[in-house]
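Please open the structure in your viewer and keep the selection tool at hand. The tour moves from one selection to the next and says what is found at each stop.

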Amino acid sequence: MKKFITAITAILFTFSLSTYAFAHSHIGETTPADSEVVTEALTEVVLNFEDAIEQGSLMKIYASNGDLIEISEIVVGEKQLIGTLANPLPNDEYKVDWAIISSDGHPLTGNYTFTVNIDEVPVDEEESSQTDETEVVEETVSNEEQVGSQETIQEKETKESSSMNWAVVGFIALILIVVVAVLSRRKK
């Protein structure tokens, strides 16, 4: 009987450690990527993480001279940290420092670099104003599409995560019921 209880305890302990070990959220894909040379106007930096991150996560962007770049908005999604820049970045090397709170409450930090190198072409002032208006309309439509798709992905991930949590709780409850049943039979 002692061996059975010890085995069950060891199994439960192993399961609790494995879920704890995987709870940290490590950085995945970034836009722009680490060491990437960006050749188009950049107005947004996106960091994707392997697991959920919590509100309070943030990022800072620094130019090569150490100046802090203004970020007009930081959005924390379930597995994503999005920084919208106040102005497109000029040609330079940049460092992104990020600090997140993983779903288990542990803070994690990191950084990466990228370079902006846009060919500058002189443009008529008249053509420039027409182009700017077109870009604003296209950008607005694109941002609305991205927000809609992110909300759908986040809803799906939340449902999947919730289902997995219930499965683990159900499994542990089943094991406890079996242990109690075996122990009550042995006492009679």
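A nonpolar core is a set of buried Ala, Val, Leu, Ile, Met, Phe, Trp, Tyr and Cys residues joined through side-chain atoms within 4.5 Å, where buried means under 20% relative accessible area, exposed over 50%, and partly exposed in between, with a 1.4 Å probe and protein chains only. The model is predicted, so local features need pLDDT of at least 70 and side-chain atom pairs count only at pLDDT 80 or more, while totals for chains, interfaces and linings use all residues. Residues are numbered from 1 along each chain as its sequence is written, and side-chain values use heavy atoms, with hydrogens and water left out.

Select Met 59, Ile 61 and Phe 114, the residues with the most contacts inside the largest nonpolar core, which has 23 residues.

Tyr 94 counts as buried because its relative accessibility is 2%, and Phe 114 does so at 1%.

Finally, select Pro 32, where the peptide bond from Thr 31 is cis, with omega near 0 degrees, and then Ser 35, whose phi is near 70 degrees, a positive value in a residue other than glycine. Ser 35 is exposed, with a relative accessible area of 55%.
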